[in-house]
Every structure is written in structure tokens, then in C-alpha cells.
Amino acid sequence: MSMLSTSRSSPPRSSPEPDASLIAASRTEPERFAGLFHRHAPAIMRYAARRLGRDAAEDVVAETFLVAFGRRSRYDLARPDARPWLYGIASNLIRRHRRAEVRALRALAKGGVDPVTEPFTDAVESRVHAGAESRALAAAIAGLPAAQREVLLLVTWAGLTYDEVAEALGVPAGTVRSRMYRARAKLRRALGDAASPIPTEEPHDG
């Protein structure tokens, strides 16, 4: 499994109720917001841990849902899936930890150990992550401008589409595509023949 593999699978949902319905209900029954936390917190934790390490990620996830709870009255209920909204909040919080993110990526470049997958995978997959390709890729990602790195990782690690990333970051979809194009070009220049894990197409459902 590549460290840049894109996954569109969502965490198991405890009920078929759309996120927007949970948020709407939580406006009068605040305890209903816990359903949104249980549904999305594990994936956001994995994403934040890969970017910052586990200790900082725990703080980011806790604050993400605290901020989301405080803003729930302003959520656009026409959007049934709250993932872009939540990842947007998390991304804003992660920006405060850019130095920690670069340190985590450079540690991965040096040791080849992904802070999310390493504790939970078997020896074979651990060896894949410890390969030179993964280390070189981590170093190249660490060298990207922050805005390009953020788009790249929201697509590849969070599994958001370009339109969802645009919603999360509050920028036009064309800006997302431009940043992704530039990030891929820089990674290919940095990696040469080792560039095969870099996604070349927008993720999609299916």
C-alpha cells in the first residue's frame, strides 16, 4: 500500500441518517451531535495523525468537533455529507502545526514508518512503508508549499474529491486542480522514476 494511496471508503456509519440530519437535530438536541463525532472522528484522527503525529492529532480532532459543535447552527443543511466541512475545520487547525507536520514527514522520510499504519499492519506492509520509494515521497511532500501539500493530502489521505476539497478550503475548484497539478509536477521532478504512487486522476466514487 502506497503512502499516497487514495481511499474513497468512508468509516462505517452507525445509522443511515445523513450528516445534515444529525446536525439539524443537534440544534435542539445537542446530544445528537455525538453521532457525527462517532461517524467521522476516527477518519479525521487517522488523517491528522499522518500529518502531525498522534499527540498533536488528538488535540486537533478534539478541537475540530468542539468548533463544529459551536458552528452547527450555521451549517448548510442542503449538504448531506459533512466531511468537507469537518476536514476544512481540521485543516485550519492543522495549519497552526505546520512545523510539526514537516517534522513528521521528515521523520517518515528518514525512517519510513507511517505513524498511522505502522502500529496496525503486518510485517510485510511495514516493510513496504519502509522502502526507499516511501521515504523519498515523504521528503518530497515535506518540501511542497503548504497550500499544495494541503490539497494533495486532502485528496490522497482524506479521500476527498476536488470539489470536496474546494468546499473544505473555501477556494474555487479550479484552484484545487491547479494546486494539485503543481504538486504532482514538483513531486515527479523530485522523484523521477519513483513517481508511480502519485495520483494522476481525481478520486471518485465507485
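This is a predicted model: local features need pLDDT of at least 70, side-chain atom pairs count only at pLDDT 80 or more; totals for chains, interfaces and linings use all residues.

Me: Why is Ser91 called buried?
Reply: A residue counts as buried when its relative accessible area is under 20%, and because Ser91 has a relative accessibility of 0%, it falls in that class.

Me: Where does Ser91 lie, and which residues does it touch once those up to four places away in sequence are not counted?
Reply: Ser91 belongs to helix α4, which covers residues 83-94, and with those sequence neighbours set aside it touches Tyr47, Glu150, Leu154 and Leu169, where a contact requires heavy atoms within 4.5 Å.

Me: How do you know that the span of α4 agrees with its number of residues?
Reply: The expected span is 1.5 Å times one less than the number of residues; for the 12 residues of α4 this gives 16 Å, and since the end C-alpha atoms are 16 Å apart, the two values agree.

Me: What makes α4 largely enclosed by the rest of the structure?
Reply: Of its 12 residues, 11 are buried, and therefore α4 is described as largely enclosed; among the buried ones are Trp85, Tyr87, Ile89 and Leu93.

Me: What is the secondary structure of the chain, and what share of its residues counts as buried?
Reply: The chain comes to 10 helices and 0 strands, and 47% of its 206 residues count as buried.

Terms used: Residues are numbered from 1 along each chain as its sequence is written. Side-chain values use heavy atoms; hydrogens and water are left out. Helices (H or I, at least four residues) and strands (E, at least two) are DSSP runs, numbered from the N terminus. Buried means under 20% relative accessible area, exposed over 50%, partly exposed in between (1.4 Å probe, protein chains only).
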